Amino acid sequence: MGDYEEDLENRLVDLYDRLRRGAYRALPSRRQYIAKADGSQRPLGIAALEDKIVQRGVVEVLNAVYEADFLGFSYGFRPGRCQHDALDAVAFGIMRTPVNYILDADIEKFFDRISHDWMMQFLAHRIGDPRILRLIRKWLKAGVLEDGNVTPAVMGTPQGAIISPLLANIYLHYVFDLWVHRWRRRQAQGNLIVVRYADDTVIGFEHRTDAE
């Protein structure tokens, strides 16, 4: 970071020029691990500095698009929302809605298993600029650098990358949120509450048959 700051203005001009010409190349994320409560390790992907800069800008643009689409029960990594809001929504829903069964679900290794092809198809529903789509595909395919070796990415998006939480929300918006919203209106026999924070979800049901 220090070397980059020494000639920051010229470096940013050069970065902008490479983006404009399509010459920008995403670099592999650097693999790091953090300990989880169960004793296992969670792999993180630390993006290169220029990738972080560009991803931050793309996130700002995409947030303006997708905040109009995301449903109200989605709380993870969204502007103006946090885990405390999600917990408040769960408590409020349980207190105000007659629910008798609670499903607490976590999608195993979700970030590691996101389909790149489906991710790009979902993005193409709302993003018409091919330059943005190419950028995101570059980040998805950049791979991971670990112990001096680069492993190409065939699925997933690195936890730790600035763009990843938003991509996760977009993916789950299509494969989970819209499905649950429709199921609640058309098939559920009783009351239902839903709160999703990234790949963790709490659903409350009035009837056991709906929960099952």
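Mentor: By class, the lining of the largest pocket holds nine nonpolar, three polar and eight charged residues. Keep in mind that this is a predicted model. The volume of this pocket is about 590 Å³. Its lining is made up of 20 residues. Nearest the centre lie K36, R42, F111, Q159 and D199. Two elements give two or more residues to the lining: β2 (41–46) and α5 (110–113).

Now follow F111, one of the residues nearest the pocket centre. F111 also belongs to a cluster linked by ring pairs.

Look at F122 and Y174 next. Their ring centres are 4.9 Å apart, and their planes meet at 10 degrees. Planes under 30 degrees apart count as stacked, so this pair is stacked. F122 sits in helix α6 (residues 116–126), while Y174 sits in helix α8 (residues 164–186). The pair therefore ties together parts that are 52 residues apart in sequence. F122 has 8% relative accessibility, so it counts as buried.

One more ring deserves a look, that of Y75.

Methods:
Residues are numbered from 1 along each chain as its sequence is written. This is a predicted model: local features need pLDDT of at least 70, side-chain atom pairs count only at pLDDT 80 or more; totals for chains, interfaces and linings use all residues. Side-chain values use heavy atoms; hydrogens and water are left out. On a 1 Å grid over the protein atoms alone, a cavity is a set of points where a 1.4 Å probe fits but cannot get out, and a pocket is an open set with protein on both sides within 12 Å along at least five of seven lines; lining residues have an atom within 4 Å of a point. Grid points are joined across faces, edges and corners, and a volume is the space filled by probe spheres set on the points. Helices (H or I, at least four residues) and strands (E, at least two) are DSSP runs, numbered from the N terminus. Ala, Val, Leu, Ile, Met, Phe, Trp, Tyr, Cys and Pro count as nonpolar, Asp, Glu, Lys and Arg as charged, and the others, Gly among them, as polar. Rings of Phe, Tyr and Trp (its six-membered ring) pair if their centres lie within 6.5 Å; planes under 30 degrees apart count as stacked, over 60 as edge-to-face and the rest as tilted. Buried means under 20% relative accessible area, exposed over 50%, partly exposed in between (1.4 Å probe, protein chains only). A charge sits over a ring if NZ of Lys or CZ of Arg is within 6 Å of the ring centre and within 35 degrees of the ring normal.
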